Amino acid sequence: MMRRTCAALCAVLALALSMLCGALPSQAATAAIMLSDYSGPAGTTVTITGTGFPKKTAGTVSAGTGQQSFTTSASGYFKTALVIPEAADASLRIEARAGATAASAIFTVTYSSPSVTEEEQQVAAPDTAAALPDISSARLRFGVGTPGGPLAQGELDAVAAMSGEAPSVILSYKDFRQAPPVAELDAVRARGAVTLLTWEPWAWGGGTEQPAYSLDRIAAGDFDAYLRQWGTALAQWGHPVYLRFGHEMNGNWYPWSEGVNGNGAGDYAAAWRHVHDVVSSTGAANVAWVWNPNVPYWGSTPLDGLYPGPGYVDAVALDGYNWGTSADWSKWTQPWELFADGLGQVRSLAPGKPIMIAETSSAEQGGSKASWNADLVYYLAQQPDITAVVWFHFNKETDWRIDSSQSSADALRGALAARRG
């Protein structure tokens, strides 16, 4: 009897295991790509953002005769740009492939219609602009980061339409291989907004171990020529810009964090002070330096050893996300549970400095994202030293977008309107 029972139990377990293994592929993340623009003339530069691809894998994006390589991050994410080539057909398939995984999207190649005169085009443009909401004068500013960045005007217009106001802070990202993004700064200023420019001292997609970008090398002056190039360009541009260098440094997922990439205690603050001094020496007085940790968590690097000092910081910021139950380690976290401790710590370290929430959003899984959006805006608006809240409008680890559901978008729109009243 015992043997038959054990045998039967083993058979049941084997069947369950085989069923589970067979179900895994359908539960895996589905690869997808998003385009900064889905139509335009040949020669348009399109930013392609991909999610759900194999982790840390080289791949290519192709469109007709055009091709661009990329390497995915540890979460299977990538971002690259491609120039749209001349195409025989109006519909051009853009395909991203990494290993055996592929995803595609259609770009429509447009041409000026001979039936539309230049005069008619000039008349139509103001009507389109007038349909979009304005930037709010509310004390708590509304900002956003989108996959296409500041040049993806369609993405920013869509955010304005769904939110009931145009964002007054536009979040963007550059690594240490990229030139100063003057065209992007101009595009943001043309919208009446200000840029929150994230400057990341690494090569995108290279992982946390990148000795070429160690904090010691930065502090020792190995990148001074590059830093002066940025400082000179920003000084010549001459308009206000928020610069957040090496954000979320208290975590362990970037090579500028202490405890990874050969970095030791005190290295981050030393590198920050050096970067600040070199850029400032070029006359870039229009740059406001934003010191921006992640919300502290158990095991994160203590903030006090990372703060470079009041003379090196103009504003402080926090990044924080409600992951809900979208990950196996996470739970639903209310806005005050997420931010209260971090706000207390940055106020203690940097008394009197203005505070921004530089990246935030909520997952849909595990609770009501609509209620979370409304509660967050109300919670932040009650605190006079918090000057801005910036939404991470990406479908990345989970769907962080404002319109991940209609109820989410409606709730944010209503909360932003309420804080204006």
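Colleague: Which residues of H3 meet which residues of H10?

Modeller: From H3 you have Ala161, Met162 and Ser163, and on the H10 side they meet Ala409, Leu412, Arg413 and Leu416. Contact means heavy atoms within 4.5 Å. By class, the residues in that contact are five nonpolar, one polar and one charged. Nonpolar covers Ala, Val, Leu, Ile, Met, Phe, Trp, Tyr, Cys and Pro, charged covers Asp, Glu, Lys and Arg, and the others, Gly among them, are polar. Bear in mind that this is a predicted model, where local features need pLDDT of at least 70 and side-chain atom pairs count only at pLDDT 80 or more, while totals for chains, interfaces and linings use all residues. Numbering runs from 1 along each chain as its sequence is written, and side-chain values use heavy atoms, with hydrogens and water left out.

Colleague: At what angle do the H3 and H10 axes cross?

Modeller: Roughly 75°, and the axes of H3 (residues 153-163) and H10 (residues 406-420) come within 8 Å. The axes are lines fitted to C-alpha atoms, for helices over the stretch in contact, with angles from 0 to 180 degrees between N-to-C directions. H3 and H10 therefore count as roughly perpendicular; that label covers 65 to 115 degrees, with under 35 roughly parallel, over 145 roughly antiparallel and the rest oblique. Helices here are DSSP runs of H or I with at least four residues, strands are E runs of at least two, and both are numbered from the N terminus.

Colleague: What does Ala161 touch, leaving aside neighbours within four places in sequence?

Modeller: Pro133 and Arg413. The C-alpha atoms of Ala161 and Arg413 are separated by 9.4 Å, although the two are 252 residues apart along the chain. Ala161 is partly exposed, at 43% relative accessible area. Buried is under 20%, exposed is over 50% and partly exposed is in between, using a 1.4 Å probe and protein chains only.

Colleague: Switching to H8, which of its residues are buried?

Modeller: Pro335, Leu338, Phe339, Gly342, Leu343 and Val346. An α-helix has 3.6 residues a turn, so residues three or four places apart point the same way. The cover over the buried residues of H8 includes strands S13 (287-291), S14 (315-322), S15 (355-362) and S16 (386-392), plus helix H9 (369-381).

Colleague: And Thr360, is that buried or exposed?

Modeller: Buried, with a relative accessible area of 0%. Thr360 lies in strand S15. Not counting residues up to four places away in sequence, the residues Thr360 touches include Phe339, Trp372, Leu376 and Trp391.

Colleague: Now the aromatics: how many pairs are there?

Modeller: The count is 26 aromatic pairs. One is Trp323 with Trp329, which is tilted, at 5.1 Å centre to centre and 55° between the planes. Rings of Phe, Tyr and Trp (its six-membered ring) pair if their centres lie within 6.5 Å; planes under 30 degrees apart are stacked, over 60 edge-to-face and the rest tilted. Trp323 is partly exposed at 23%, whereas Trp329 is exposed at 59%.

Colleague: Which residues form the aromatic cluster?

Modeller: Among them are Phe176, Trp199, Tyr213, Trp230, Tyr268 and Trp289.

Colleague: Last one, where is Gly259 found?

Modeller: In the loop between strand S12 (241-245) and helix H7 (267-280). Gly259 counts as exposed, at 67% relative accessibility.
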